[in-house]
2 protein chains.
Amino acid sequence: MSKKPLILVTNDDGITAPGIRALIEVMNELGEVVVVAPDSPQSGMGHAITINSTLFVEKVSVDKGEQDEYSCSGTPADCVKLAIKQILKRRPDLCVSGVNHGSNSSINVIYSGTMSAALEAGIEGIPAIGFSLLDYNWNADFEPSKPFIKTIVKNALKNGIPNGVVLNVNLPNLKEKDIKGIKVCRQAKANWEEEFDKRKNPQGRDYYWLTGKFVNLDQGEDTDEWALEHGYVSVVPVQFDLTAHHAIQNLNSWKLND
Amino acid sequence: MSKKPLILVTNDDGITAPGIRALIEVMNELGEVVVVAPDSPQSGMGHAITINSTLFVEKVSVDKGEQDEYSCSGTPADCVKLAIKQILKRRPDLCVSGVNHGSNSSINVIYSGTMSAALEAGIEGIPAIGFSLLDYNWNADFEPSKPFIKTIVKNALKNGIPNGVVLNVNLPNLKEKDIKGIKVCRQAKANWEEEFDKRKNPQGRDYYWLTGKFVNLDQGEDTDEWALEHGYVSVVPVQFDLTAHHAIQNLNSWKLND
């Protein structure tokens with residue numbers, strides 16, 4: 001029991017992002033920390049993996065913490081695969097990803113590189129948690145998040161995380177005294193209403209910028225969006241078995257084999 | 001009722017891939033077809049979206065079919081967003097993605113650009129199906145798949161697809177007479193055992209190629225892997241609410257707010 005847990009830390013904003021620095025600082029208080037993170041920002045990469053391409057890894061030192069650090073040319077999912085198969089001397093007891101600069105609540109989980117790293121670890125059977133702060137700024141203040149991150153990770157190390165599940169944690173952008181607590185939630189039903197900003201390039205060819213606004217379509221009070229709007233840290237258990245089991249019966253009534 | 005359904009076709013192997021050509025041919029028999037697909041292969045992109053970058057779209061003509069076609073510089077998810085918001089004159093009645101050159105069964109759904117396009121349409125409330133053939137070759141034979149694709153799409157147009165669900169269809173690489181039928185399945189529990197092939201570049205720097213082998217960990221006879229191994233077309237209903245509802249009670253026993 002005296003052996004410290006081995007904690008793998010990664011993210012998708014890149015190894016030098018303030019969000020991962022904050023996460024490493026908290027993890028150094030809880031275990032032996034190895035960081036394997038992308039060498040540049042990967043946001044919006046979804047669950048991409050690098051095939052037909054080469055991956056470079058370099059041992060680096062970014063701050064004065066006790067952790068070992070490796071910078072990788074791949075995606076967050078690549079970093080987790082490389083860490084587990086090549087870099088770490090034993091299987092990690094936990095993988096944490098983030099702290100992302102910006103929300104990964106509700107439908108954003110689908111697009112999230114932060115969560116894809118956590119899912120990758122989960123698929124490999126390693127307990128995993130993604131953390132995201134609701135502030136997109138590079139200079140976001142991660143201090144208020146730290147005690148909540150610590151509480152969640154301590155609980156995960158003590159209790160384990162249910163099989164086939166990883167945790168999607170979002171932190172409200174509030175002062176510590178204004179954060180009301182931690183709430184276990186379901187993913188809110190929401191989407192993005194995209195607008196494409198159509199322009200002409202200097203050669204006269206049309207192109208588009210993707211813009212859009214987030215729309216919460218869910219009135220439930222048990223959702224991550226509700227929790228975050230009301231000052232709570234949201235914890236959603238996320239699964240990578242995507243089967244809609246409730247729909248199987250409906251589909252079995254189709255005439256597929258007549 | 002005389003109005004033909006509007007069918008949006010996309011993929012992740014690129015607009016000139018034989019797989020999408022086969023899918024377009026079948027769809028032309030069932031509705032009015034508009035193709036919006038990536039101008040180059042996007043495999044392994046997961047659910048990436050293009051932010052902080054520009055999207056180009058071009059009207060193209062690839063074969064002699066009746067469909068309208070647009071080639072797009074973005075990812076499969078981008079193509080769907082652009083099609084719905086910018087290109088199509090009305091909401092499509094169905095979005096089909098594929099036919100992918102290679103399997104997207106079981107855990108591969110997580111990494112799949114083909115399925116990310118279908119999920120994107122599903123999130124927008126449009127019935128959607130992803131199709132994949134278990135043959136990675138560019139010159140794969142899509143002929144045996146066509147009658148099964150047609151049956152599934154006709155059923156989807158007639159019955160609708162349950163809300164919040166898209167279909168992940170995989171087709172065995174067999175002659176038509178050897179395909180036993182269509183089976184509604186759950187996603188098999190499986191993963192990839194990765195190996196990294198470590199090499200040195202000409203400058204002496206280490207790099208890695210990602211390789212690996214697929215491992216089915218699931219003995220169930222109601223899975224997509226079982227169906228495909230036994231000569232069936234697999235249809236898995238896939239949801240984009242990733243909440244592991246069964247895990248919420250367990251997490252509520254944690255001491256998160258002491």
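Student: Through which surface do the copies meet?

Tutor: The same one on both sides, since 98% of the interface residues of chain A are interface residues in chain B too. Keep in mind that this is a predicted model: local features need pLDDT of at least 70, side-chain atom pairs count only at pLDDT 80 or more, and totals for chains, interfaces and linings use all residues. Residues are numbered from 1 along each chain as its sequence is written, while chains are lettered from A and ligands numbered from 1 in the order in which they are written.

Student: How many residues of chain A are in contact with chain B?

Tutor: 64, against 64 residues of chain B (contact means C-beta atoms, placed from the backbone, within 7 Å).

Student: And how do I read the packing of helix 1 and helix 4 of chain B?

Tutor: Packed helices are described by the angle and the distance between their axes. In chain B, the axes of helix 1 (residues 18-28) and helix 4 (residues 146-159) come within 10 Å and cross at roughly 50 degrees. Helices are DSSP runs of H or I, at least four residues, numbered from the N terminus; axes are lines fitted to C-alpha atoms over the stretch in contact, with angles from 0 to 180 degrees between N-to-C directions. B:Ala22, B:Leu23 and B:Val26 in helix 1 meet B:Lys146, B:Ile149 and B:Lys150 in helix 4.

Note on methods:
Two residues are in contact if their C-beta atoms, placed from the backbone, lie within 7 Å. Helices (H or I, at least four residues) and strands (E, at least two) are DSSP runs, numbered from the N terminus.
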